[in-house]
Amino acid sequence: MKIFSYQPLPKQLLFHKSEAKYKAFIGGWGSGKTKAGIWECIDLAMRYPKNCILIARKYSTDLRDTTQRMFFEECPVELIKEYKKSERRVIFINGSEIIFRGLEFKSERERRAMLGSFNLGAFYVDEASDIDLTLFRDLQGRLRLNTVPKHHGLITSNPTTIDHWIYRMFVLNNDPEYFLVKASSLENIYLPKDYLEELQKYPESWRKRYLMGEFGFLEEGTPVFKDFNENLHVFEDVKYMPGKPVIRGWDFGFHRPAVVWCQIDEDDRFLVLKEYLGKDEYLDTFADKIIKISNEEFFGAEFVDCVDPAGAHITDKSRITSCDILRAKGLSPKYKWVKVEVGIQLIQKKLITLINGKPALMFNKKECPRLIEAFAGGYTYEKNENKEVPYKDGFYEHLVDALRYIFNVYYSTALYDEKFYDFEIPEPKWFNL
């Protein structure tokens with residue numbers, strides 16, 4: 001490989017040297033995996049004249065803003081003969097071409113039509129954890145270009161959980177045609193020191209996955225939501241339903257304030273649409289940000305706000321409560337005092353329930369990544385005086401708590417002390433009015 005200005009890091013070089021048909025580069029944030037994937041494509045384009053290579057991500061916007069942008073930053077201009085912008089196609093000086101495509105499809109027919117048109121010598125999927133095994137298999141079936149002597153399938157991704165197809169295909173599979181490289185963020189000598197220091201501040205389970213580049217959740221302790229299954233509970237098409245109220249769950253706190261946006265559909269399925277996890281933000285400005293996001297992404301919606309009941313308490317630091325701050329912005333915070341374990345049981349009940357063949361609790365894959373990680377094993381129990389209690393990790397707990405406060409209000413039938421409760425709970429059927 002003639003590398004021009006590209007100076008591969010040791011793990012990148014290991015990735016390039018492998019002659020395996022299918023190669024995966026799994027790494028933490030900033031580990032150089034996308035750059036390695038791009039340069040591998042440049043090399044294959046120049047090594048085999050008239051090659052045809054697909055560079056893809058699940059979502060077109062992510063492809064345009066990240067992978068495609070990096071390609072044009074990295075690829076030497078003297079190698080490019082023409083860029084057909086309307087076709088998202090790069091023509092190299094030797095007749096090879098690279099095509100950029102998003103892999104989201106409105107229908108199975110559209111999927112078959114788009115993929116069926118490809119005769120590829122190679123494909124590269126960035127953030128491949130976003131696609132399913134069926135789509136990866138479909139791409140393998142498009143490696144049929146007869147003008148190149150060898151075909152290649154490349155993927156790069158953050159580490160997945162150990163039940164993901166990437167782990168099964170590239171770790172558990174003993175096929176020599178599948179090659180895996182793992183790298184941590186710490187191996188990239190070009191990353192700023194303060195960036196790495198910031199990553200070190202995250203919870204241990206998060207650091208192992210997104211800093212060290214390790215698969216799965218290795219946090220000591222039992223996962224709280226053992227019945228959660230990404231293949232069952234996570235969907236691409238969990239979307240906002242205009243005309244139905246959007247429920248916001250709020251977890252207060254300066255260091256990690258959190259909000260989740262949810263709806264309940266006509267079958268009483270609970271849909272988690274979006275999450276937001278702040279960092280070192282005062283509630284006054286954080287609330288303004290949440291209101292702005294809400295109005296932009298859920299235009300015209302009626303909002304119901306369920307909050308941490310501790311937000312109604314006056315403290316020795318201020319006579320203005322968190323609920324007072326929200327009320328001053330025109331919101332009507334609702335809360336109910338429910339034990340943590342009861343709230344978790346309410347969520348568990350939804351997890352194990354099917355309604356007309358679909359789970360009663362569903363997450364939007366793209367908009368709820370941290371909450372999905374929490375449910376997949378990041379949110380765990382710890383021993384506390386011989387009793388298991390959720391571990392206060394300072395990260396996952398806040399999003400789970402924000403979700404739990406909604407469940408407390410809408411699904412708890414426990415008795416409560418009236419002095420802590422300043423409104424009448426609407427029944428779930430209220431959403432059908």
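Me: Why is Lys-358 called partly exposed in this structure?
Reply: This is a predicted model, and in it Lys-358 has a relative accessible area of 40%. Buried means under 20% and exposed means over 50%. The value for Lys-358 lies in between, so Lys-358 is partly exposed.

Me: Where is Lys-358 found, and which residues does Lys-358 touch, not counting residues up to four places away in sequence?
Reply: Lys-358 belongs to strand E16, residues 358-359. With those sequence neighbours left out, Lys-358 touches Arg-269 and Thr-353. The C-alpha atoms of Lys-358 and His-233 are separated by 8.6 Å, and these two residues are 125 apart along the chain.

Me: What makes Trp-29 and Tyr-210 an aromatic pair, and why is the pair called tilted?
Reply: Ring centres have to lie within 6.5 Å to pair, and those of Trp-29 and Tyr-210 are 5.8 Å apart. Planes under 30 degrees apart count as stacked and over 60 as edge-to-face. A search of the whole structure finds 27 aromatic pairs.

Me: How do you know that the pair links distant parts of the chain?
Reply: Trp-29 sits in the loop between strand E1 (22-27) and H2, Tyr-210 sits in helix H8 (residues 204-210), and the two are 181 residues apart.

Me: Which residues do ring pairs link into a cluster?
Reply: The cluster consists of Tyr-22, Phe-123, Phe-136, Trp-165, Phe-170 and Tyr-178.

Me: How are helices H1 and H2 placed at their crossing?
Reply: Two packed helices are described by the angle between their axes and the distance between the axes. For H1 (residues 10-17) and H2 (residues 33-47), the axes come within 10 Å and cross at roughly 35°. The crossing is right-handed. Gln-12, Phe-15 and His-16 of H1 make the contact with Lys-35, Ala-36, Gly-37, Trp-39 and Glu-40 of H2.

Me: What makes up this contact by class?
Reply: The contact of H1 with H2 has 3 nonpolar, 3 polar and 2 charged residues.

Me: How much of the protein chain is buried?
Reply: Buried residues make up 53% of the 433 residues.

Terms used: Residues are numbered from 1 along each chain as its sequence is written. This is a predicted model: local features need pLDDT of at least 70, side-chain atom pairs count only at pLDDT 80 or more; totals for chains, interfaces and linings use all residues. Side-chain values use heavy atoms; hydrogens and water are left out. Buried means under 20% relative accessible area, exposed over 50%, partly exposed in between (1.4 Å probe, protein chains only). Axes are lines fitted to C-alpha atoms, for helices over the stretch in contact, and angles run from 0 to 180 degrees between N-to-C directions. A crossing is left-handed if the near helix is turned anticlockwise from the far one by less than a right angle, and right-handed if clockwise. Contact means heavy atoms within 4.5 Å. Ala, Val, Leu, Ile, Met, Phe, Trp, Tyr, Cys and Pro count as nonpolar, Asp, Glu, Lys and Arg as charged, and the others, Gly among them, as polar. Rings of Phe, Tyr and Trp (its six-membered ring) pair if their centres lie within 6.5 Å; planes under 30 degrees apart count as stacked, over 60 as edge-to-face and the rest as tilted.
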